[in-house]
Amino acid sequence: MLWPYITPGIPDELFERLPGIPLSKREVRLLIISHLRLKADSVLWDIGAGTGTIPVETGLLCPQGRIIAVERDEEVVSLIQRNCERFSVRNVDIIEGSAPECLKNLPQKPHRVCIEGGRPIKAILQEVWRYLLPQGRVVVTAANLESLYAISESFSELQVRNIEIVQSAVNRLETRGTHQVFAAVNPIFILSGEKLD
């Protein structure tokens with residue numbers, strides 16, 4: 001078994017990768033998962049699932065839950081499928097489609113939504129909000145100031161409650177030549193909040 005633990009935090013190198021396809025680094029992934037506040041039977045939409053690290057980790061964490069991973073690229077869809085198979089995760093449905101257009105066709109309304117990508121972020125958030133169940137949570141990542149601003153503005157317009165924003169600051173020990181140095185993992189903003197009505 002590739003990851004025989006119940007603890008999340010699978011090392012990045014255990015996932016199959018494709019050049020140019022983003023992977024949420026382990027430490028950032030742990031922050032995202034903690035902000036999702038999952039239950040054993042949660043329905044989670046992961047929009048812009050990339051390599052599939054969040055679907056794999058949350059699929060293992062929520063054995064009675066259902067993870068719906070949305071990815072627009074056919075090649076990346078099969079990468080997510082392969083990573084789910086690597087870790088024997090069987091409760092992930094992978095939907096090939098572009099958000100926000102494809103969201104109306106997803107099989108179940110979500111308790112939790114994780115948005116890790118998508119250029120029309122405001123449109124995606126507005127559409128997600130329509131389907132998110134009451135008491136649901138949304139967690140969105142931003143890698144640049146423009147995204148951070150757009151997400152903050154959307155949270156305000158949608159009247160998202162109990163908003164939290166954290167920025168990751170992670171350094172990893174790496175060997176470079178004969179020295180061991182600390183190298184920074186790109187900082188990411190993680191915004192989360194709740195739908196209370």
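Is Ser-42 buried or exposed? Ser-42 is buried, with a relative accessible area of 3%. Here buried means under 20% relative accessible area, exposed over 50%, and partly exposed in between, with a 1.4 Å probe and protein chains only. The model is predicted: local features need pLDDT of at least 70, side-chain atom pairs count only at pLDDT 80 or more, and totals for chains, interfaces and linings use all residues. Residues are numbered from 1 along each chain as its sequence is written, and side-chain values use heavy atoms, with hydrogens and water left out.

Ser-42 sits in the loop between helix 1 and strand 1 (43-47). Helices (H or I, at least four residues) and strands (E, at least two) are DSSP runs, numbered from the N terminus. The side chain of Ser-42 reaches the backbone nitrogen of Lys-39 at 2.8 Å. This is a polar contact, that is, a pair of N or O atoms within 3.5 Å; within protein, one must be able to donate a hydrogen and the other to accept it, and residues adjacent in sequence count only if both atoms are side-chain atoms. Not counting residues up to four places away in sequence, Ser-42 touches Gly-65, Arg-66, His-111 and Arg-112. Contact means heavy atoms within 4.5 Å. Ser-42 and Pro-134 are 92 residues apart in sequence and 13 Å apart in space, C-alpha to C-alpha.

Thr-51 counts as buried, at 1% relative accessibility. Its contacts include Phe-15, Ile-21, Leu-23, Leu-79, Ile-80 and Asn-83, not counting residues up to four places away in sequence. From Thr-51 to Glu-116 the separation is 65 residues in sequence and 11 Å in space, C-alpha to C-alpha.

Helix 3 spans residues 74-86. Its 13 residues reach 19 Å from the first C-alpha to the last, close to the 18 Å expected at 1.5 Å a residue. The expected span is 1.5 Å times one less than the number of residues. Val-76, Val-77, Leu-79, Ile-80, Asn-83 and Cys-84 are the buried residues of helix 3. They cover an arc of only 160° around the axis, which puts them on the same side of helix 3. The arc is that of the directions from the helix axis to the C-beta atoms. On the other side, Glu-74, Glu-75 and Glu-85 are exposed. The buried residues pack against helix 2 (53-61), strand 2 (66-71) and strand 3 (92-96).

Both ends of helix 3 show local features. At the start, a side-chain oxygen of Asp-73 reaches to within 2.9 Å of the backbone nitrogen of Glu-75. Just after the helix, Ser-88 takes a positive phi of about 55°. Ser-88 lies in the loop between helix 3 and strand 3. Ser-88 counts as partly exposed, at 41% relative accessibility.

Gln-135 is a residue other than glycine with a positive phi, near 70°. Gln-135 is placed in the loop between helix 4 and strand 5. A cis peptide bond joins Ala-99 and Pro-100, with omega about 5°. Pro-100 belongs to the loop between strand 3 and strand 4 (112-115).

In helix 4, the buried residues include Ile-121, Ile-124, Leu-125, Val-128 and Trp-129. The buried residues of helix 4 pack against strand 1, strand 4, strand 5, helix 5 and strand 9 (189-195).

The largest pocket has a volume of about 970 Å³. Of the 39 residues that line this pocket, Pro-22, Gly-48, Glu-116, Gly-117 and Gly-118 are the closest to its centre. Helix 1 (26-36), strand 2, helix 4 (121-131), strand 5 (136-142) and helix 5 (145-158) each give two or more residues to the lining. Strand 5 gives the most, with 3 residues. On a 1 Å grid over the protein atoms alone, a pocket is an open set of points where a 1.4 Å probe fits, with protein on both sides within 12 Å along at least five of seven lines; lining residues have an atom within 4 Å of a point. Grid points are joined across faces, edges and corners, and the volume is the space filled by probe spheres set on the points.
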